[in-house]
Amino acid sequence: MMNAFRSFLRKGGLALYITSGAFVLTLVAFVLFVLSYTTTYYTFGDMNSVLIFVFYLLALAAELAAILLSGFMGFRSWMRALFILAIVMAGLAAMYLLGDRFEGIGYTIFTDYDAGHGGEEACWYSIISSILMVLAIIATVVSGFFKLENVGRTE
């Protein structure tokens, strides 16, 4: 089983690296999303934060499952559903996150309202997180044009 995964890493090619890059972008975006709550300007549980958290986790799980399943089983056409799920969840996370931060962005970045409450940092974390999610979506779509077929299991 490990030999099959090593073979996948060797033969995975561009599709594997782009998909792995999308996973890393999503992971960094998730970390920035969580960091936006450390400034005390926003409180976890307010607005749509729990829903956004779930969207991030589903996007990460779908991307990781697609990478690992392709490595251990070889690519199957039904695995495209995992990539589609990752794209949809990443898009929803970015959209809801910016929607939740819209008012805060106006108050803290474009005015002097923040006055040291950590709002500007929280908004910048959120903006960068959303941008990374859009880049992850683009990377996942681009990786769909490359085939991972016949690189998994070798018997």
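User: At what angle do the axes of H4 and H5 cross?
Analyst: Roughly 155°. Helix H4 covers residues 80-108, helix H5 covers residues 119-143, and their axes come within 8 Å. Axes here are lines fitted to C-alpha atoms, for helices over the stretch in contact, with angles from 0 to 180 degrees between N-to-C directions. This is a predicted model, where local features need pLDDT of at least 70, side-chain atom pairs count only at pLDDT 80 or more, and totals for chains, interfaces and linings use all residues. Residues are numbered from 1 along each chain as its sequence is written, and side-chain values use heavy atoms, leaving out hydrogens and water.

User: So how do H4 and H5 run relative to each other?
Analyst: H4 and H5 are therefore roughly antiparallel (angles over 145 degrees count as that).

User: What kinds of residues make up the contact of H4 with H5?
Analyst: By class, 14 nonpolar, eight polar and two charged residues. Nonpolar covers Ala, Val, Leu, Ile, Met, Phe, Trp, Tyr, Cys and Pro; charged covers Asp, Glu, Lys and Arg; the others, Gly among them, are polar. Contact means heavy atoms within 4.5 Å.

User: How does H2 pack with H5?
Analyst: Helix H2, residues 13-35, packs with H5 at an angle of about 165°, and the axes are 8 Å apart. That makes H2 roughly antiparallel to H5. Among the residues in this contact are Leu32 and Phe33 of H2, and Leu132 and Met133 of H5. The contact of H2 with H5 has 17 nonpolar, five polar and no charged residues.

User: Switching topic. How many helices and strands does the chain have?
Analyst: Five helices and zero strands. Both are DSSP runs numbered from the N terminus: helices are H or I with at least four residues, strands are E with at least two.

User: What about aromatics: how many pairs?
Analyst: Seven aromatic pairs. Rings of Phe, Tyr and Trp (its six-membered ring) pair if their centres lie within 6.5 Å; planes under 30 degrees apart are stacked, over 60 edge-to-face, the rest tilted. Phe33 and Tyr37 form an edge-to-face pair, 5.3 Å centre to centre with 90° between the planes.

User: Are Phe33 and Tyr37 buried or exposed?
Analyst: Phe33 and Tyr37 are buried. Buried means under 20% relative accessible area, exposed over 50%, partly exposed in between (1.4 Å probe, protein chains only).

User: Which residues do ring pairs link into a cluster?
Analyst: Phe30, Phe33, Tyr37, Phe44, Phe53 and Tyr56.

User: And how much of the chain counts as buried?
Analyst: 43% of its 155 residues.

Definitions and conventions:
Angles under 35 degrees count as roughly parallel, over 145 as roughly antiparallel, 65 to 115 as roughly perpendicular and the rest as oblique.
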